[in-house]
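Here is my note on the model, point by point. Please read it with the structure open.

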2 protein chains.
Amino acid sequence: MNLRAPIHFYFDFSSPYSYIASEWVEAVAARHGRRVQWHAVLLGATFQAAELKPPMSYPIKRDYVLRDFERSARFAGLPYKQPECFPIATQNAARVFWWLDAQDPARAVAWAHAGLRAYFTRGVQLDDPVQLKALATESGIDAEAAEAAWQDPQWKERLKAVNEQAIASGVFGAPFFIVDGEPFWGNDRQAQIEQWLSAGPFKGL
Amino acid sequence: MNLRAPIHFYFDFSSPYSYIASEWVEAVAARHGRRVQWHAVLLGATFQAAELKPPMSYPIKRDYVLRDFERSARFAGLPYKQPECFPIATQNAARVFWWLDAQDPARAVAWAHAGLRAYFTRGVQLDDPVQLKALATESGIDAEAAEAAWQDPQWKERLKAVNEQAIASGVFGAPFFIVDGEPFWGNDRQAQIEQWLSAGPFKGL
């Protein structure tokens, strides 16, 4: 086990539990001398590969998860406002992430935070080019360059490749974490990840 | 809010996360001056009502959950051995639960523990009448009377009614908890339930 291996963190810009996890993953990693490698993915693609559907598509589950999104955010001490338009297409936000990542991973992480917070606390619709460009400007990113990036086949291909790699790694939802090869699915696996990082594999596993 | 209201705990004898939760729910309730009202249900019926399928039916998710069952049990400090035959039909075990519950709820809870532990640590197949009767005897229950109970239309009807009531209450999986009307789904909601019990609804909810 390489103690310096990063925590792989897979998220989708339209995933409430990804938003919550995005706010603690860096602190957890830092406490254990790790860094985080962020992966913007499209849940739609991973759901399709796994033949899964999002929880919102099940009427009975829908009411519960809408309640649980907000409750889980408050439990984590975070602001949360359920976006009226939900879920949304996030490929443009994700392509901007990968475009920034190629220049400077720290800027991509800052963009991830900006996008997740804007959508889940202010209802900024990341699927609307106008609102997405305004968010880029607000985040100190050249909005025209961002738009050119999300329309550029290079970043479309990059996102597609990232999704395929994620699916090949067993990712079927978000947030998803891989720590030293061990997969953890869900915001609610924080305590297990912490124990894994501090004590290694649980006895017998 | 009635502080003496019980924690409603819905479980299925074939649900690994129900087994894990069954081992902490009484302690959590006791810490907060509550009692637990146990409800043996059939996940198959709740899945069908919610148009859901069990995680094991999705190939990619299957590998993950098999790993997570065992990891989550070890994280909770519990023994766990993945049953080779999984999942299994649990209506007979559930009917015996409701038959005992009508006599003495404490005996029904003891049976729930016996069944969950037998299946998830020793692979005792609760869907096999011979093994189920042996488990009854081992648990100090008259095995012939238990068999008569699970074949009795009275307890078939009781289980059916309980399932319908659970579905009407919004239960769509197991373990499922309802605390003062607030629904919590999953073994991984333990911390939220504890906070809810100690501090009431999270600010703003």
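1. Which residue in strand 4 of chain A stands opposite A:Phe176? A:Trp185 does. Strands here are DSSP E runs of at least two residues, helices are H or I runs of at least four, and both are numbered from the N terminus.

2. On provenance: this is a predicted model, where local features need pLDDT of at least 70, side-chain atom pairs count only at pLDDT 80 or more, and totals for chains, interfaces and linings use all residues. Residues are numbered from 1 along each chain as its sequence is written, while chains are lettered from A and ligands numbered from 1 in the order in which they are written.

3. The sheet of chain A is open and has four strands, in the order 2-1-3-4, with mixed pairing. Pairing requires at least two DSSP bridges between two strands. Strand 2 (36-40) and strand 4 (182-185) of chain A are the edges, each pairing on one side only. From one strand to the next, the twist averages 20°.

4. Strand 3 (residues 176-179) of chain A runs antiparallel to strand 4 of chain A, and four bridges join them. As a reminder, side chains in a regular strand alternate between the two faces of the sheet.

5. Now chain B. Strand 3 (residues 176-179) and strand 4 (residues 182-185) of chain B are antiparallel, with four bridges. B:Phe176 has B:Trp185 as its bridge partner in strand 4 of chain B. The two strands of chain B form a hairpin with two residues between them. Check B:Asp180 in that turn: its phi is positive, about 50°.

6. Helix 5 (residues 91-103) of chain B packs on helix 9 (residues 153-168) of chain B at about 95°, with axes 9 Å apart. Axes are lines fitted to C-alpha atoms, for helices over the stretch in contact; angles run from 0 to 180 degrees between N-to-C directions. Helix 5 of chain B is therefore roughly perpendicular to helix 9 of chain B (under 35 degrees is roughly parallel, over 145 roughly antiparallel, 65 to 115 roughly perpendicular, the rest oblique).

7. Contact means C-beta atoms, placed from the backbone, within 7 Å. From helix 5 of chain B, B:Gln91, B:Ala94, B:Arg95, B:Trp98 and B:Trp99 meet B:Trp155, B:Lys156, B:Arg158, B:Leu159 and B:Val162 of helix 9 of chain B. Six residues of this contact are nonpolar, one is polar and three are charged. Nonpolar covers Ala, Val, Leu, Ile, Met, Phe, Trp, Tyr, Cys and Pro; charged covers Asp, Glu, Lys and Arg; the others, Gly among them, are polar.

8. Helix 5 of chain B also packs on helix 8 (residues 143-151) of chain B, at about 105° and with axes 8 Å apart. B:Asn92, B:Arg95, B:Val96 and B:Trp99 of helix 5 meet B:Ala146, B:Ala149 and B:Trp150 of helix 8.

Methods:
Two residues are in contact if their C-beta atoms, placed from the backbone, lie within 7 Å.
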